[in-house]
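Student: Hi, could we go through this one together? I'd like to start with confidence.
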Amino acid sequence: MSRTLSALEQEQIRRKTRANWLLSTPALLLLLFAASGPLIIVVIYSFLSSGNYGGVVWEFSTDAWFNVLYTKDIFDDTVSLSDAHLSIFWRSVQLSFLTTVLCLFFGFPTAYFIATRPPSTRNVWLFLITIPFWTNLLIRTFAILELIRNQGVINNSLMSLGLIQEPIRMLYTDFAILVGMAYVYLPLMVLPIYASMERFDFRFVEAGYDLYASRIKVLRRIIIPIIKPGIIAGSILVFVPSLGAYVTPRVLGGGKRLMVGNLIELQFGQGKNWPLGAALAVTMLVIVMVALIFYVRLVQKSERNHG
Amino acid sequence: MVDDTIRIEGVGKYFGAEPNLVKALDNVSVNIRRNEFFTLLGPSGCGKTTLLRLIAGFESPSFGTILLDNKDITTLPPYQRSVNTVFQSYALFPHLTVAQNISFGLEMLNKPKHEINQTVDEMLALVHMEELKDRRTNQISGGQQQRVALARALAPKPDVLLLDEPLSALDYKLRRGMQIELKRLQLETGITFIFVTHDQEEALTMSDRIAVMNEGHILQVGSPDEIYNDPQERFVADFIGESNFVEVDIVGKASGASSSGSIRFANSKKSYPVKIPANKKNDKKALVFIRPEHARLDGKTRGATLTGTLANKLFFGTDTNYHIDLDDGSQFVVRAQNTLEGGFSPAVGDKLGIFVDENALKVLKD
Amino acid sequence: MAKQMTGGLIRKKPFSITRQHGFTTIALICFFVLYAPILTLVFYSFNAGNNLMLWEGFSFHWYVKAYENELVQEAAIRSLIIAVSASLISTLVATMAALGTTRTAKFKGQSMIFLMINQPLMVPEIVTAVALLIFFAIIKTFTGYYGLGYLIAAHSAFCVPFAYLPIKARLDGMDLSLETAAGDLYATPFRVFRRVTLPLLFPGIMAGAMLAFVISLDDVIITEFVKTAGQDTLPTYMLGQLRRVITPEINAISTVLLGISLLVVTLFFLVSRKRF
């Protein structure tokens, strides 16, 4: 026997769906105009020729995509892998990965610490971690800049203590970018792990100790596997914006230590090669999407495992 | 002719689609009389709440018709039905005070201000909540929230009041108190109450009539006495109170339209005259149901309806339940009232006889 | 009894179920590291000298200087105009979208709507910034309009998911039977919305608007790419100052911005916890 909805039910469902769409339409139009739609134009631009003074010439060309990976010698037209671009991509991935590891190392114990506070003070700690999350990323980067400058607080203190004779050069190095990114993205690691930890039932830990597990075994065999979704979420939340970082490497890398974000910007500024910038942006987008799909897979897998 | 408030005619509600089709309610028909306390009783998922929601208009039936005072209300939205609901979770508006909650329905009906105030005061008095009328609903206890929910639903003076397991969130003592209170309110207001519960005791003590439901069907409608003492089906007998089921042979049958016949227990020569349901007329075997308190234990086995050994005794204060392993291996429970004198007190392992009068034997339809 | 508690018994620290070695230390270091740089920055904004490292006494000198700086004034006003407009627009459309996508049976295209709304959270800001630069450049040449509209549109768009989340959370946590009850008590759908849904949703809407405001106020990248010359907001003005000698004026502006964010976020916390 096949089931047919009564006309009344069908009409109700139709009306509800139409209302849902009508309500969502303004938001969709806004996003289409000023967020999603323009992404398509970026893809189109990556297949156009570069104008002499910025902008594009409306001629189909794969030069931009060619230039993402290869470089043509200006004298003898020999083609070789573009060291500059590749090394910037590679450095971006490395730095983002290290940032994620650093954030995890500090973020996990912090989330654990907050989650194990008594309920009365827990919200205070949580609030303390949330404030930096909502404060200006540029300002927080400035704060790091002022600390690690040659004449910054750290160097001045070390010198006045007589530990060093001349300032340690930290600014405009990969180290500076790494510290800066870990600093600004740390709350993004703590918050999702805390969200998992908050729901964690410590009776599991009691059961673990009851069954002769040591502290480290309880951590490794019980706590970490159960809150894994939070750890994965935190890692992706740090990794993705790190990869697309622009402000932090610009301020702390001083335009010398570029990341992909700065490389893209360069094409629209001094480089005046919009198609190449568009192609680089699309490349970054693809890498991020791959990371996100990887994340969704991981989450689905761990959800399956926990049934 | 009986005066019906609500008539449910061949109503069904299906959810989802093949192959995951759920028949929450399947072709149900029932009439609910004016001013009666009518209870829909059944286990969770039997369709009782769905039926209630269809009457309230929160959902529309997949097929069938619902009539209120002979008017078809099947497609009317809830705000055009003179039917109010007391929700299981109470659903009191957290942003309004007790009095504002009670006046909400009257305001929506655009009643004049003085009438609203008057009715709200009446309702507050009816549920003894005058003192707390300016409190927010999260500042009062569960029992008080229950009263406000009742007052709010009664204030517009609906034709029918629907109550969706309203007492389930209360503790035992409070629940008993509210049962009496509800019955009083129903008598005072003269409104038809349709009450949904899975608690058989609650249903038996409060209702004028009960409809026992299972798997989207109404199995039996009747007074509490009829439902308890004369269940037609095994499910009804099993769901309400404790029951013993014993398979018997049908030995004597009257011919024609007469429903009388006789049955015999296994390993017994004695036959008992009983009513045989129409659908069992041509069968050789039938299922007989016996309430534990309708059987009697004795040390002698001669002439007993059934015999077995005592496996366990459970003391319940007023009564003791005796669990007996029958000779054929099945279980039988006898309940005996405890007296101060002590009386007959067998020990575990004793061989006992179970005596049942013929009028305590009911042959079930299935 | 008292003797037992204070007396000679050498007791081991009681076993704690939740303890993990070193975690508390790392966490406290973490909190220190999070706040030390910000507090240092705030501290030096009160420096009397024009130097970032040498403390020359307390003064509001740099606040006055920043306040008198016309560029800062203009940027501040521009920042506020954009943030207020963007939070109003994004909250309005996000509220509607949340009403359309929450507490409803799955409908065709629902996941597409989710994806669209959360898109600004997934796509790196630099990519969106580049896309908007290109797209708005085309529109600018076609229309000849160079006003703040582009910045407001861009900010409104990336604020949508931030406004959407608390509103959706509030709706999800809302007892559906409340609206059912209102309908049962003769309220028409419009009056159910007006008298029950909207009042209950209001804290969520406020929270959404506040988040959107803070997010818009803090934005650097998209603003930097979308703005036409002379359309600096406070953050892009500060970024521009990087090329010059940095004075504590930057610290003063930063401190004010931090103060605004802190205020709004605190309000957000209080509002979103409101339970009637």
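Tutor: Happy to! pLDDT is the predictor's confidence in each residue, from 0 to 100. This is a predicted model: local features need pLDDT of at least 70, side-chain atom pairs count only at pLDDT 80 or more, and totals for chains, interfaces and linings use all residues. Residues are numbered from 1 along each chain as its sequence is written, and chains are lettered from A and ligands numbered from 1 in the order in which they are written.

Student: What does chain C average in pLDDT?
Tutor: Its average is 88, and 93% of the residues of chain C score at least 70.

Student: And where in chain C is confidence lowest, and where highest?
Tutor: Helix 1 (residues 2-6) of chain C is lowest, with a mean of 46, and helix 4 (residues 70-101) of chain C is highest, at 95. Helices here are DSSP runs (H or I, at least four residues), numbered from the N terminus. Over residues 1-7 of chain C the pLDDT is below 50, and this stretch has 1 contact in the model beyond near neighbours in sequence. A contact means C-beta atoms, placed from the backbone, within 7 Å.

Student: Switching topic: how many residues of chain C are in contact with chain A?
Tutor: 67 residues of chain C, and they meet 72 residues of chain A.

Student: Which helix gives the largest share of that side of chain C?
Tutor: Helix 2 of chain C, with 11 residues. Other contributors of two or more residues include helix 7 (149-172) and helix 9 (189-218) of chain C.

Student: And what scores does the model get overall?
Tutor: ipTM is 0.87 and pTM is 0.82.

Notes: Contact = placed C-beta atoms within 7 Å.
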